[in-house]
Every structure is written in C-alpha cells, then in structure tokens.
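The sequence and the structure are shown first.

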Amino acid sequence: MTNFNPTILAFCCNWCSYAGADLAGVSRLQMPPNVHVIRVMCSASVKPEYVLKAISQGVDGVLVLGCHIGDCHYMTGNHRTAKRMPLVQKVLKEVGIDERRLRLDWVSASEGEKFQNVVIEFVDEVTKLGPNPMRGVKF
Amino acid sequence: MLVKLAFEERGADHLLIMREEHGNVAPAMISKGESADGVRLDIPYQLVTILENIYPWLSKGKIAIITRRCDEKALAELVKRKYVDEKRIVKIGLACSEEQIKKCRCNDPVPSNVAVGEPHEGMKDDELALALSKMSHEDRFNFWVDQYKKCNKCFGCTLNCPVCFCDDDCVLEDRTFVAEPNVPPGLSFHMIRSFHMIDKCIECGECERACPAEIPLLTMRKLLAKDMKEVLGFSPGDEMTVSPLNTSLEGEQLEDECDEC
Amino acid sequence: MPRIGVFICHCGNNIASTVGIEKLVEFAKALPSVVVAEHNLYSCSEEGLSSIRKSAEENKLDRIVVAACTPRTHEPLFRKTCEMAGINKYLFEFVSIREHCSWIHIKDGDAATDKAKKLVAMGVAKAALLEPQRETESNVTPTAVVIGGGLTGLTAAASLVAQGINTHLIEREGTLGGILKDIDIIGPEFKKTKELSDQLIKELKDSSKAHIHMNSKVTSSSGFIGNFELTVESKDKSEKIPAGAIILATGARELVPAGEYGCGSVPGVMTQLEFEKLLAKGEVPKRAVFIQCVGSRQSGREYCSRVCCNTSLKNALRIITALPDASVSIIHRDIMSYGTTSEHIYREASEKGVRFLRYSLERPATITRKQNGLVVKVFDETIDENINIDTDVVVLATPMVPREDSRDVGRLLKVPVDKYGFFLEAHVKLRPVEFSTDGVFICGSARWPSSLSECISQGMAAAAKASIPIRKGKVVVEAITSWADPDKCAACGSCVTSCPYEAIEIAEEEGKRCAKVNETLCKGCGACVAACPNDAMQQRGFTTRQLGAMIDALVKNALGET
C-alpha cells in the first residue's frame, strides 16, 4: 500500500479540540494533510450516523475530538460522546470494518502538541490499515 | 381457557393473539364477548408491534396480550418511553417451545409468569454469531457485504420491530444518511439500524423472520447485544433503566412510580 | 437557488506562501451554488471587508463563505460585514485554511492546496443549506463578582465601583492584599506596599456599591453571561449571588523549592518572600547572594517568571543602600530587566557594587555551611572558573506558580487552564483579559506571572471589559439552539435524557406528544441531536442536512464518488 493517502474526517468541538487545533496551527506544528475538520459546538453533538455514513461512503478514518472528561464546556456533554463512540466501534467491528478507523480522543484548548500527535498517529495507523474496504464495494 | 383467563380472571376488554382464519394465520384482536376460535399459540409474531400501532385508537379499556419473554421486554421498552400505560396492559405469559427456542437461538425464553406453555431452558450461543466472532475482519466483511447486498429495502425489519418506533419518519429513508438512491442500500443503512437497535433490541427475531432475503439479522442483533452488555453493562428490556447512551457517566435511574411497595 | 460568494484570503504571506490562491479561486468558482469567487490580501482589513460588501451587492449574493484564519477570532467581524451588506449574519460560513492548512503543511504546498479545496467545498456545501436566524435577547444582572482580593482583584473591584457597578469581592483569607501582604517595599519607585493596597481598600470600603466577603470561597457556579449564579460560602453562612459578569483574579504563589539548595533545612537559605520579611524587620545582611531561576527555565517548568530578576535587583539595591559596604552578588542565567526603569536599576546596582555572575543550568551552584555563614560555590560561565562566595544569606529567586486549586477553580467556572495550571485567555492578543466563555474575565498572575504594574493594568482592563455587558443591560443569545420537528418527533425521550441542562421536556400539544426545547436554558451543545434516532431534533447552524452535505462534499472531492 505504498502510495495510499488516507482521507480522514475529524469532528472538533469549538471550545477545546478546535481551539487546540488552532493552537497547533499558530505554533506551526507540522502534520500530514489528510485530516479535514468539521467544527461542532460539542463532541456530544457528533451523531453516530455521521461516522457510519462517512465510513460507508469510503472515508478511511474518522476522528472525534472533544474536551477532557470534567472539562466539557457544556458540563457533561462529552460523557455521552465517551459512551457512544466505543459502541460505534463495535458496530464497525461486527460488520468486519476495523474499529480502529474510528478514534475518540480528548484535546484541550491548550494542547496544540497533543492535537499534532493525535493527527500524526492516526494518519499513520489508518495508512497501515489500508484503504476503507468499502471503496472496493459497489452496492 | 385463554379467553376465560383474559376476560374473566384478568379483567381485560380486548385480547391480542394470533388467529387462523381460512387457512391463514394473522394477528387479531378479540374483544370481550367475541368468539375465540382458531387461536394459534405456536406461530411466533411480535404482537407488541401490533399493540403499539393500534394503541392510539384504543382509548379505553384493558388490553390483554400474549407475551413471551421477548414481548415482555419489548413492552418494558415501550412503557419506559410512556408509549403505553402499563396499568392498561394484561400480560398473558407464554413459554416458548423447544423448537421455537432453537429457531430464535434464544437465551432468555421464560416470561416472568407463565400462563401458557411449558418453560424450557434457553440456548447459550448462536452458532453463526460464534463463527463470525472467530473470523478475520476481512472474512466477516465479505460475509456481511454478501448478505446485505440482498437487501431490497422492503423495511420489513423496521416495520415489524416492536422497538423501532419512528414509523413514518425513519432516517433510513433519507438520502442524508443513506446515500444510495436505489436498492440495495449501502452499508450505512444496516450500520445505522444496528446502532439504533443497540440499546433497544430485545432479540425477538421478528426482523429475521420478516426479511424476504433471509439475511441473518437476528445474529447481528445478538452480536451487538453482547457488545453492549460488555461495554456499558446494559441490556434492553428493563423498565427502570434508561439507556446509558444518553446519560452522563454517573448514569440515571427512572423514578420508581409504582405505588404498591 | 442560493447565491454564494467565496472569498479566499491571502493573509499576507501566511496562507498565500503555501496554498495556491489562484487555483483555489478557480476551484471555488466551479462549486455548486457559487456565483463568484474572489481573493483578498487581508480579508479582515477595511479594504478586504469593503470589497466583500461590494461584491455581495454587485453579485446579489445571499450567502458568504470566507476562507481564512479561524472563526474563533474572526467570525464576529465577518458576520457584521454580512449584516452591513444586507445579508443575515447567520448566512455566513468560515473555512479555516490557515491554522488548519497553510500553517501546518508548510513543506507541501500541493497537498495544502488540495486540502484547502476540499475544505472550501465542505464550507460551500454547508453554506448552501444555511438558514437565516433571529437572535433572542436576555437581561443582564447588573452585578459583577471579583474572585480574589489581591492587588489585581482590588484594582478591578475599585474600577467597577467607580463606574457605579454593584460589585462583590470574594476573598479566601481574613485580610485583603494577597501577595502584597508579604512584600514591604515595591520597586521601581521603592514605595511602601501598604500605600498601594490601603488606597484601594479605602475606595472599596467607602463605596456603597462594594460588598466584600472575607474568609469566603465560591463553591458553585451556574448560568451564562448576564445570568450567572454563584454560591459563596464562608464559615457560618452560604449565599447565592446572581451576577452578570465574573472576574477571576486569584493570583499565583511563590514556588517553595522542596529541599533544593537546602531551603528549609539550612539556616540562611530562603525564598525571596521570606527575605522580604527580614528586610521589613530591618535585618539587613552584610553579605547576600541571590540565585536566580531556581526552579524555572528548566525541564518541567520552561517559562521565565518575569518578575524575579527585578525583585532581586530591588532587594539588592535595598541592601547596598542601607549598607554601602555590603557584599551582594546575583548569580543568574540571564538578567530580565526589560523596559526603561528596570534597566536603569540594573545599571545602578552594578555601579553600586552588586556583583553579577552567570551560571548554567548544567552546573548549578552548591551551598555549604561554614563556621560563620555559608559558602556558595558556583562555576562562572563568563570567566570559566569556579568561584566561592562567602555569605550570610542565600536568597532563592523562585518563579510564581499557579495556586494548587487553580484547576478546581477552572472546572468550577468552566474555564481552561494551560499545562502549568495558569488560566488560558481567549486569545493572547485579541482578547487578553477574557475567557472564551463569555462573561468570565481573567487578570493578573492567575493568568501569567505579572509585575505589580501589569496586575494593575490588567485589573483595570478586565473591569472595563466586564462593565460592557452590564452597561448594555442585555445579552444577545447566539442562534445555535436546538428544536424538535413535531412532524418527525416520536417523543421517545432520548433528547430529554441527553441534555446536560435539562432544557428539553416532552410536552403534549393538540393531543400529540412532542419534545420541546426551552430556548432560554438551551446552550446550543447539540447533545440532543446526536441522541435523536429519527432526525427530529436539529441544531440551528449545525443541522444534519448541513453536516451531511459537508461529508458528501469531502467524499466527492477526495474520493471522486458520492
């Protein structure tokens, strides 16, 4: 899989992870160009349907980034995210799609470096997983 | 005997059962005083789905319903969401036959009280589920793609499902989440249904029985029920516990509104 | 059919040096519903903004997409521009191609341009589906709360009451003044600290608008800008205080080095604040060595605490002024005495005989006891030799560090802290005394080790900012709340459970049960949207159609399929 460049979708929450991504940008922390961010107000608003839709349509990896537990701008919003995403991973796993194509992580507004690390690690992991198997399938 | 139990002993005004007429078996509602010929207790069907659909038109009276263990759990999910008033429902417990238990690969076949039938033990495993868990991701993927390619969006699974309550407005009909305009719909159709069912499905198997393409839908439901139990320690079918998917990490219990104890 | 205008920003060289602007403009022109695509050198400049307005008018645009820096700082500016062009401000979409693209893919211009295309396509797809929104207003409680009664808090509170604003000052200790209580004389004017704090305390006590709570702590906080409710507890009572704005001025503390350099065990070795106490008592040592950067500018605490060098210079001068024959040395890793007055004091100290010696992190000083005092042994980096200095007193200039409970306070007020525990402002240049959370403000050393004059300026700045919503009397609630479509809603209650603010209930209207969102309680998090199985629950500005369209746009432009 030498020239495989994964297409990755990321959901970032306005108060923490999006701000962390901004800080990474301001600090000029370099990372691979595979990640495309959709801004949401809270990671709790990331519908599992979005993740499943994206994967079904061929996106190679999905990142859901929220505030650390206890630091959510909306108090316990991210608690819901914390519980939903592992189950979305199970849905992927049971249908035979590697659950590592979905990653949930917590990035605070001051963690520019963490954002960079998560992006680099995830792009690397998804590259190793290869293209989304849905890409070869025509329904 | 069933009629006597429902109308005289338990005070119901209507009874939901499966009835044979002119050689066909279908759900029927018998009201007090009507004849109860042709009742078939051996044909499985989700009467709770029927109950849910006609409930808005039954503004008065008590409704008796044949409930297997799965029906009981389905009812609990409806009661939890205030779709039916528990006080108006009379459950007539039916213990499934060994043959039926095998067909459903049921691991929880005995209702809380048995009025009809002999209780039997449940099965431990669904063989297909076991085989799938041992497969590699790739093999499993190929299996399910082959299965799901047969789907022709008849919506038999959703329409017959007792806990699928969105009725006319199912998101699976929407291009927003299921991009494919034709049949078969893509994987998102089945994955989204799987996720929606993960905190509601009571493993009655009606979806699998309804599917004209014979896709092993119940097996997928069982695999995810196991995952849900493992990850969040939750199994649907309990009136008192709210789905943990929407609660904070400390969880939430419904208030005990029972006046009796 | 929507008429979208796309405006790509060069941001000088910041975007243009990596992303191919012309290619991006050509690409944007061809996107569905895009009527015009242009580029500007600095979209946020007066020139850029007026060119956007002009284009909107000429091309009869009804939606604007700007591809530039970040919405977190510039969205309000462009929204205003939309309004001035007669376009509802919610018909605006911001695409980040700087922080999220040009700045992080510097070496790969082709890939960055490619990615920028996809991001713009996603933004356009969303913009096409945006709906105009109306904002609602809520009243502001005309009261401010200042947490912390040190110099910063006192200054902020005094500024607020001077404007006639009802202000509550919450102080943990039994006396006001914070760290000022431990300092006797302050530089560079060599004034008595008491003069500073006494003046402020008098202003507050004389004002009927100031309410001072001593020995008190904030134990809970809820609400939002204009409508906060704080619970303040002291030993024998608990009070609920409604507030329109909150100023955090909890300060910092001096790091007491654990056992380093013999601090705490070897007599004569002490921190700067401990030394201040000695000087206040008139106990001027004949010999003193100041060691700078003890516990700062090293692994684990990389920052410079900014005030320690000036403090040491001040105290060194105090010694040498009192005892002209005193032997005073300052061993340092750099002297930070920036500005006019501080540099002047550095020069003066040097001229009066204070010795300056450079040491390195790799070869720190050691302190040993001698018969009549201490010996400081250090390797002088300038002359490359080991030096022994006999002394009576060793003063360790340690950095200011956050208070131990700063993270707890942060959680209480839902404001972020950085990796050290200092509070994080909304934007270091554009919003230095504000938090991202509207209505909560930060000033003084709680944010970053600050000199007393900086604390004063920041306290005044925070008070000025806090007074704005209070003076306006009304706050506009952003139109990003959620609502349930009654035609779709199955009244399952999933949204009710998922709302962190209990803002949703199942209500019965005309015989049909349906979820209903209380707009004043809804904070716009969208948790309910994710909980809803049949797409009945939607969030304004983030509808499922809009986000679904963004995903489709990514798939189309990245994978070439739909």
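## Domains of chain B

The C-alpha centres of domain 1 and domain 2 of chain B are 25 Å apart. Domain 1 covers 2-104 and domain 2 covers 127-246 of chain B, with bounds that come from an automatic or database domain assignment. The model is predicted: local features need pLDDT of at least 70 and side-chain atom pairs count only at pLDDT 80 or more, while totals for chains, interfaces and linings use all residues. Residues are numbered from 1 along each chain as its sequence is written, and chains are lettered from A and ligands numbered from 1 in the order in which they are written.

To the contact between these domains, domain 1 of chain B gives 13 residues and domain 2 of chain B gives 15 residues; two residues are in contact if their C-beta atoms, placed from the backbone, lie within 7 Å. On the domain 1 side, α2 (47-54) and α3 (69-80) of chain B each supply at least two residues. Helices (H or I, at least four residues) and strands (E, at least two) are DSSP runs numbered from the N terminus. The largest share of the domain 1 side, 7 residues, belongs to α3(B). This side of domain 1 of chain B divides into 7 nonpolar, 2 polar and 4 charged residues. Here Ala, Val, Leu, Ile, Met, Phe, Trp, Tyr, Cys and Pro count as nonpolar, Asp, Glu, Lys and Arg as charged, and the others, Gly among them, as polar.

## The open sheet of chain B

Chain B contains an open sheet of 4 strands in the order β2-β1-β3-β4, with mixed pairing. Because β2 (24-31) and β4 (89-93) of chain B stand at the edges with a single partner strand each, one side of each is left without a neighbour in the sheet. Neighbouring strands of this sheet are turned by 40 degrees against each other on average, direction ignored.

Two strands pair if DSSP finds at least two bridges between them. Strand β3 (residues 63-67) of chain B runs parallel to β4(B) and is joined to β4(B) by 5 bridges. Within this pair, Ala64(B) stands opposite Val90(B).

## Contact between chains B and C

Chain C and chain B each bring 15 residues to their contact. On the side of chain C, α13 (494-498) and α15 (544-559) each supply at least two residues. The residues of that side comprise 4 nonpolar, 8 polar and 3 charged.

Chain C has 15 helices and 30 strands, and its C-alpha trace spans about 90 × 60 × 40 Å along its principal axes. Of its 562 residues, 50% count as buried; a residue is buried if 20 or more other C-beta atoms, placed from the backbone, lie within 10 Å of its own, exposed if 12 or fewer, and partly exposed in between.

Strand β7 (residues 166-170) of chain C has 4 of its 5 residues buried. Parallel to β7(C) runs β6 (residues 143-147) of chain C, joined to β7(C) by 5 bridges, with Val146(C) opposite Leu169(C). Strand β10 (residues 210-213) of chain C is also parallel to β7(C), through 4 bridges, and Ile212(C) in β10(C) is the bridge partner of Leu169(C).

## An exposed loop residue

Ser45(C) lies in the loop between β2 (34-40) and α2 (46-58) of chain C. Ser45(C) is exposed, because 12 other C-beta atoms lie within 10 Å. Ser45(C) and Cys11(C) are 34 residues apart in sequence, with their C-alpha atoms 9.8 Å apart in space.

Technical notes:
Axes are lines fitted to C-alpha atoms, for helices over the stretch in contact, and angles run from 0 to 180 degrees between N-to-C directions.
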